[in-house]
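Hi everyone, thanks for having me.

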Amino acid sequence: MTAPVAAPERAAGPVGIPHAVVERPGLLTTVQDWPGRTGYWHVGVPPSGPMDDLSFRLGNRALGNPEGAAGLECTMAGPALRFAEPTWVCVTGAPVEVTVAGHRIPLWRPVLVPAGEVLDIGTVRGPGMRCYVVVSGGLALPEYLGSAATFTLGRFGGVSGRALTTGDVLPLGPSPEAPAGAVPGGEQPVLTRTWELAVTEGPHGAPEFFTRSDIDTLLSTAYEVHFNSDRTGVRLIGPKPRWARTDGGEAGLHPSNIHDTAYSVGALDFTGDTPILLGPDGPSLGGFVCPVTVTAADLWKLGQLCPGDTVRFVPVRADRTASPHTLGPGRRAAWPIVLSTGGDGDDGVLRRAETVDGTPVTYRRAGDDGILVEYGTMTLDLELRALVHALHERLRLGAERGITELTPGVRSLQIRLDPAILNTAAALDMLTEIESELPAAHDLVVPSRTVELPLSWDDPASREAITRYMHGVRADAPWCPWNIEFIRRMNGLDTVRDVFDTVFAAEYLVLGLGDVYLGAPLATPTDPRHRLITTKYNPARTWTPENAVGIGGAYLCIYGMEGPGGYQFVGRTTQVWSRRADVENPWLLRFFDRIQWYPVGADELLDLRADFAAGRGELRARDGQFRLADHRSFLTENTASIEEFRTRQAAAFTAERESWRRSGELTE
């Protein structure tokens, strides 16, 4: 006689507290809220939140919830959830079969799930990529940095910073008295496989970075969505630009390279010749040009782009875009096309001016809700960073209404706006007035710690990343199979030992945080003779080990977490982001810190990393100051040797570029 098969045990939720138990997690289901984790862009924390915010917020409104109440985002295939008590739910977004107790239910309207029954979300049929499950009262999960939104790469938010798994228990918040009603058909977004995206010009367009022909091609091409797309960004397949420049100078060998600047969610980021639409989990800072930016009201479409879909970019006037705060017909989401008579026609340049000492200032458009203020020319000059610091501090301390984020780059400051409070025109006038009141750059004196960090040179983890790149992306890249040899060749050094000596002799000044992600420092040597110049991977890597150390352009970066990347590896170090629950500000480094390296072996580094993860590690730091006047004196005293180094470096740079040209690596 066959023994009876025991039924699988169900996870027990908290007694007496409304909750749902995950019986099947779906392909990739995460907790999100809206607008997500705002206010931390300057240290490399993305907002996360629902990729299609429109469908998510409409579902919450239908239930009578606050628009931003936490719910579930389901990618391609949804979960099965068993509810402990009668619960109103609403499923929105891409078409998908949904059942309660085995009976099909409609999307876009509240439905009551009886106690003990299962809400089952099937596979997304398309068009579209993501559906949303919101519940009356929202999901009552702990917040991290002000939000319950899940950032899986950072391993925080939602349920332990990850996608749902079988057995997870989701507590529910206090329920409103009754649902508000179904989402009207005229307010539901139209999904398709041939998308049009409304875009504004800038920040970096023609003729400075792209040719006019490049922009014409960009606006007339139906790009295809690449299968290797996710919440960090949507990769597109399309024609390569011809480019207006031969290279990026000190920022890198490829003409897409610029000195690192803050990105906008929705920017079309050319990482080399590969266009990527940056998503809500994308990087805050980077060194690639972005010719156009999706309007805030059209960002929801990024969440529904599927591999194989086509995308066309339609330029619009920035002052005529729909408001992202709107959920009704004013959002224009029910239109399958973008109606426009053309863009602003200004290449994304809003205004040009000068500082009190004659330094050029360029005000660029960073989407329809942002301004990028750039100082000087496209060079690495710490005086320009001083000007950025002065403006940043003035705006930060002034707490101007309508400014939502301030993110400094190497020679720029990105200012995000709430246009309902402070529109672009008013912000420009305010910035021009403030600029006339700022102190001269040479007066800069800032707190500046000396921070000593361990560096495992040519670490096995970075070697593994190169191997993965060669197997999965391209094996014929000039920087493969050994990034350090490529750095030697690019800088005209005799041996790879010279690369080692230069890196360990340098003092790296932190100019930005969050490149790439989670407090990762963007730093450059204070002594120009230690500034090794490289170019970035093209296309970028799909995987980089946490806390790998790399050089791109004239900058060094510590990767704050696993993820994509493009800097040339020199090794790996300890964590720069604390995951201890008792730490208020988890980023360990500050603007204008000075990093010095000391060598450790790979095994010793693993021990140090384990100590840090266990809360036993301590940051080796000494207080001090950075005085720009002293730095200028140092440059004057060492002019001859600095120029000698730069001349040798420039010759090697030119030789490498010519080699790339002959091999077809660079577009003619």
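This is a predicted model: local features need pLDDT of at least 70, side-chain atom pairs count only at pLDDT 80 or more; totals for chains, interfaces and linings use all residues.

Let's begin with the cysteines. How many disulfides does a search of the whole structure find? The search turns up 0. Take Cys 74: the closest cysteine sulfur belongs to Cys 131 and sits 4.1 Å away, which is too far for a bond, because a disulfide needs the two sulfurs within 2.5 Å. Cys 480 isn't in a disulfide either, and its nearest cysteine sulfur, in Cys 557, is 18 Å away. Now, are these two buried or exposed? Cys 74 is buried, at 0% relative accessibility, and Cys 480 is buried too, at 13%.

Next up is Leu 191, in the loop between strands S11 and S12. Leu 191 has a relative accessible area of 18%, so it counts as buried. Who does Leu 191 touch? Its contacts include Gly 93, Pro 127 and Trp 300. Here's one I like: Ala 334 is 143 residues away from Leu 191 in sequence, yet their C-alpha atoms are 8.7 Å apart in space.

Last, helix H4, residues 424–435. With 12 residues, H4 should span 16 Å, and the distance between its end C-alpha atoms agrees, at 16 Å. At the start of H4, a side-chain oxygen of Asn 423 comes within 3.3 Å of the backbone nitrogen of Ala 425. Which residues of H4 are buried? They are Ala 427, Leu 428, Met 430, Leu 431, Ile 434 and Glu 435. These cover an arc of only 165° around the axis, so they lie on the same side of H4. Among the elements covering them are helix H3 and strand S21.

Notes: Residues are numbered from 1 along each chain as its sequence is written. Side-chain values use heavy atoms; hydrogens and water are left out. Buried means under 20% relative accessible area, exposed over 50%, partly exposed in between (1.4 Å probe, protein chains only). Helices (H or I, at least four residues) and strands (E, at least two) are DSSP runs, numbered from the N terminus. Contact means heavy atoms within 4.5 Å. The expected span of a helix is 1.5 Å times one less than its number of residues. The arc is that of the directions from the helix axis to the C-beta atoms. A polar contact is a pair of N or O atoms within 3.5 Å; within protein, one must be able to donate a hydrogen and the other to accept it, and residues adjacent in sequence count only if both atoms are side-chain atoms. Lists of a residue's contacts leave out its neighbours within four places in sequence.
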